[in-house]
Amino acid sequence: MRLIVALSVLFGSIGLFATGFNRVSSGMMRLVAPWFRSWLGGTATTRRQSFVAGLGAGAGSGGMSAVVSLLSLLDNGATEYKRTLWVLLGINLGATALYWIVALAGYRLDPIFPGLALIAISLPLPLSRRLGRSILPDVLLGIALLMIGIDFMSGRTTLLSASSFSVLFGALDSAHLGIAAPAVGVLLGVGLSALIRSSVGATVTAMSLSVQGSLPFGVAAGMCLGANVGAALSSLRAASGLNLEARRTALIHVAISVTACIWAAALINPFIPFSEKIFAGADHGYVATRLALFSTVVHLLNPVFVLPTQRLLRLIVERITSSKAEDVQHPRTFSLTLLPQSYPEAINANLFRLQSGLARMAELSYDILMLVINATQVGDTIEDDTERAVALREEIKGLETEIATALTGTVQLSCSLEQAEWIQQQQLTAQQLSLIADDYMTAERYRLGLWRFPDYM
């Protein structure tokens, strides 16, 4: 029974933190995303500028939100694939700023009462016409949830004592694991991060369990490394329905994270006595600070190992993705695949994807126009052209239905005023493109005579 209670409290605490962090991350990304898109869309022309763009996005919103935003930019053609390695390195380093915030403040304060106060403040805000569409309600509620989650995970609440967590992690003691402790931690970090889709959430879980003494430093440091791999695997899944450059970038993200695991796992055991000397005499929260320092050092040094092999890395990634021959044989094939709303930054990423759907509708309308023009000049293939035009019109109608359904679901979510206006513009554009195709078809139908043209309505 004690084990069941400990498991429930642990995963409930992780869920509270992950939910709160995703709210804060999505809210902050509304502020960071316009700058990030404009910077990568044209301003960031050098490797250093691309790295700085990733650094700012990672520090401002967390790693996963920034990566999903980058993938959506690639899918929309708003940035170049050759810059993505530097952007990803910057995002990983920038995300460590959140580790320092949690380590320096989260374990030195009593967050329960401020968290409850923030919940009370945030609840009436959505009723305001002015503040309801702003980031303030989401950010305040998110901060409250992650603060309460940290308090539960660290074992300071009276709901469950810190010693109760030792039931779960007694077998992970350094004396039992020895040099295998980092490897066990990596596996735990990969699984937890992939489950909650947040490297920050998995890292803060490792910090919290270490602070209360339930998890040895070697295992916790391994979890920090594995958290990056788990988040990269989540980004790979997010890119599965996107274009070739987005999928390649997601694979590069996985390769960067795996590279960090390979060399940094060997650094954990020598780092333990070194960090103990640096933080000798510090309070109980120093363990979390040691983990924040370890993660920062890893992402500062990781470019030293990644950049010399970047050409080989890109070659391997391109070989892996070259098996998808449809990108070459059918370059205009379009699939309206959207990200699940549980991903951070999913709203903006899906709006970019829907914009690509609108572009596809415009291409199909243009194809119908060209068929109509050709039919007026050369009448030899008029029957084939008619069938082709009908097929194009049906594809346009199907895309219009998919886009309208997706936009209807998106507008019901918590979105900003700018996002709501963007949704309205896309709805109008989809309707207008469909009407344009109808006009082309109607003109051709009357030109040929109703008896010669199949009923497409």
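How many aromatic pairs does a search of the whole structure find? The search, run on a predicted model, finds 6 of them; rings of Phe, Tyr and Trp (the six-membered ring of Trp) are paired if their centres lie within 6.5 Å, with planes under 30 degrees apart counted as stacked, over 60 as edge-to-face and the rest as tilted. Local features required a pLDDT of at least 70 and side-chain atom pairs a pLDDT of 80 or more, whereas totals for chains, interfaces and linings use all residues. Residues are numbered from 1 along each chain as its sequence is written, and side-chain values rest on heavy atoms, with hydrogens and water left out.

The protein has 19 helices and 0 strands, where helices (H or I, at least four residues) and strands (E, at least two) are DSSP runs numbered from the N terminus. Of its 457 residues, 54% count as buried; buried means under 20% relative accessible area, exposed over 50% and partly exposed in between, with a 1.4 Å probe and protein chains only. Among contacts (heavy atoms within 4.5 Å) with a separation of 6 or more, 79% are between residues 24 or more positions apart.

A pair of aromatic rings is described by the distance of the centres and the angle of the planes. The search finds 6 such pairs. One of them, formed by Trp263 and Phe305, is stacked, at 4.5 Å centre to centre and with 15 degrees between the planes. This pair links distant parts of the chain, 42 residues apart, with Trp263 in helix α12 (residues 244–264) and Phe305 in helix α14 (residues 286–306). Trp263 counts as buried because its relative accessibility is 15%, whereas Phe305, at 40%, counts as partly exposed. Elsewhere, ring pairs join Phe217, Phe271, Phe274 and Phe294 into a cluster.

The charged end of Arg290 sits over the ring of Phe217, 4.1 Å from its centre. Arg314 lies over the face of Tyr81, 5.1 Å from the ring centre.

Helix α14 also holds Ser295 and His299. Ser295 is buried, with a relative accessible area of 5%, and His299 is buried at 6%. Leaving out residues up to four places away in sequence, Ser295 touches Thr96, Tyr99 and Cys224. With the same exclusion of residues up to four places away, His299 touches Asn92, Leu93, Thr96 and Asn228.

Helix α15 (residues 310–321) has 12 residues and spans 16 Å from its first C-alpha to its last, close to the 16 Å expected at 1.5 Å a residue; the expected span is 1.5 Å times one less than the number of residues. Its buried residues are Gln310, Leu313, Arg314, Val317 and Thr321. They lie on the same side of α15 because they cover an arc of only 95 degrees around the axis, the arc being that of the directions from the helix axis to the C-beta atoms. These buried residues pack against α2 (47–61), α4 (84–106), α12 and α14. The face turned away from the buried side carries the exposed residues Arg311, Leu312 and Arg319.

In soluble globular proteins, nonpolar side chains tend to be buried together. A nonpolar core is here a set of buried Ala, Val, Leu, Ile, Met, Phe, Trp, Tyr and Cys residues joined through side-chain atoms within 4.5 Å. The largest core has 62 residues, and those with the most contacts inside it are Phe17, Tyr107, Val204, Met207 and Leu225. Helix α6 (residues 136–153) supplies the largest share of this core, 10 residues. Phe17 touches Leu145, Leu146, Gly149, Ile150, Met153, Val200, Gly201 and Val204, residues up to four places away not being counted. A second, separate core of 54 residues includes Val317, Ala389, Leu392 and Leu407.

Ser208 is found in helix α10 and counts as buried, at 0% relative accessibility. Apart from neighbours within four places in sequence, Ser208 is in contact with Tyr107, Ile150, Met153 and Ser154. The C-alpha atoms of Ser208 and Val102 are separated by 9.8 Å, the two residues being 106 apart along the chain. Arg197 lies in the loop between α9 (181–196) and α10 (199–211). Its phi is near 55 degrees, a positive value in a residue other than glycine, and Arg197 is buried, with a relative accessible area of 14%.

Definitions and conventions
Lys NZ or Arg CZ within 6 Å of the ring centre and 35° of its normal.
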